[in-house]
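Open the model in your viewer and keep the sequence panel beside it. The tour goes from one selection to the next.

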Amino acid sequence: MAVNPQAMRSLLKVYFIMGSTNCCQNPENVLQAAIKGGITLFQFREKGAGCLYGKEKESLAKKLQAICKQSNIPFIVNDDIELAVKINADGVHIGQDDEAADVVRRKIGSKILGVSVHSMQEAETAIRQGADYIGIGPIYPTSTKADAKAVQGLTFLTELRSADIQIPVVGIGGITSENASPLIEAGADGVSVISAISQADSPEKAAAKLYDAVNRIMRNA
Ligand SMILES: Nc1nc(C(F)(F)F)ncc1COP(=O)(O)OP(=O)(O)O
Ligand SMILES: [Mg+2]
């Protein structure tokens, strides 16, 4: 753990993830609007058919990183540790098929380290190896991630919290402002979304609705 857990929980509230293939509009404009709407954390996930590579990927990453910096929103890079270190990102997110968390922790020092987990064992390993937060999902059906695992609903989240695992947790997969509340009520510290914001007519309004939905539940908890 390199980031204060309470600070990490606040950052996870509305965690926007995007790459160039997720956007109908210009990614920079979408990110600007999402920040205006109230996202609390951003992840650059350049992946899937038609995604950018090499210099083009790095150039877009730097543009989005600069937009985040202007609003003090931490900039996280998915999968690509080398890029994250090269551009001095604020953290990285890795899955079970990426580099091991302990290896990545040694490469990134005290930056934010997020790990996708799908079982108690993977969660315990991620915690032992220094993850600052874990991502679980898909909570609901998703069309964004082609190789997503089976929809898990709130089952795994409930299992984690019942086992008194207190690491900051964010859910992902098909989440919208309409279905976010049960996730927070079940103990998630935030929601992670791609399409709900990146495909919205108004990314600003979509981000604001998510922010309100999450905070309304947290206030009443
Ligand atoms: N990028 C992500 N961020 C999260 C977070 F927790 F941040 F919401 N959860 C899940 C993913 C999925 O990441 P991806 O690289 O597509 O898949 P894999 O897990 O197979 O590596
Ligand atoms: Mg990954």
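Helices (H or I, at least four residues) and strands (E, at least two) are DSSP runs, numbered from the N terminus. This is a predicted model.

Start with a backbone selection. Pro138 is in the loop between S6 and helix H7 (155–162). Show the peptide bond from Gly137 to Pro138: it is cis, with omega near 5 degrees.

Next, select Asp79, in the loop between strand S3 (75–78) and helix H4 (81–86). Asp79 is not a glycine, yet its phi is positive, at about 70 degrees.

Now select ligand 1, which sits in the largest pocket. Strand S1 (14–18), strand S6 (133–136) and strand S7 (169–172) are the elements that give two or more residues to the shell around ligand 1.

How many residues surround ligand 1? There are 17, and the closest are Gln43, Arg45, Lys47, Lys145 and Ser192. By type, the residues of the shell divide into 5 nonpolar, 7 polar and 5 charged.

- Lys47: an N or O atom in its side chain is 2.7 Å from an oxygen atom of ligand 1.
- Lys145: a polar side-chain atom lies 2.8 Å from an oxygen atom of ligand 1.
- Asp98: a polar side-chain atom lies 3.0 Å from an oxygen atom of ligand 1.

Last, turn to the aromatic rings. The structure holds 4 aromatic pairs. Select one of them, Phe16 and Phe42: the ring centres are 5.7 Å apart and the planes are at 55 degrees, so the pair is tilted. Planes over 60 degrees apart would count as edge-to-face, and planes under 30 as stacked.

Definitions and conventions:
Residues are numbered from 1 along each chain as its sequence is written. Chains are lettered from A and ligands numbered from 1 in the order in which they are written. This is a predicted model: local features need pLDDT of at least 70, side-chain atom pairs count only at pLDDT 80 or more; totals for chains, interfaces and linings use all residues. Side-chain values use heavy atoms; hydrogens and water are left out. A residue is near a molecule or strand if one of its heavy atoms lies within 4 Å of it. A polar contact is a pair of N or O atoms within 3.5 Å; within protein, one must be able to donate a hydrogen and the other to accept it, and residues adjacent in sequence count only if both atoms are side-chain atoms. On a 1 Å grid over the protein atoms alone, a cavity is a set of points where a 1.4 Å probe fits but cannot get out, and a pocket is an open set with protein on both sides within 12 Å along at least five of seven lines; lining residues have an atom within 4 Å of a point. A molecule sits in a cavity or pocket if more than half of its atoms lie within 2 Å of its grid points. Ala, Val, Leu, Ile, Met, Phe, Trp, Tyr, Cys and Pro count as nonpolar, Asp, Glu, Lys and Arg as charged, and the others, Gly among them, as polar. Rings of Phe, Tyr and Trp (its six-membered ring) pair if their centres lie within 6.5 Å; planes under 30 degrees apart count as stacked, over 60 as edge-to-face and the rest as tilted.
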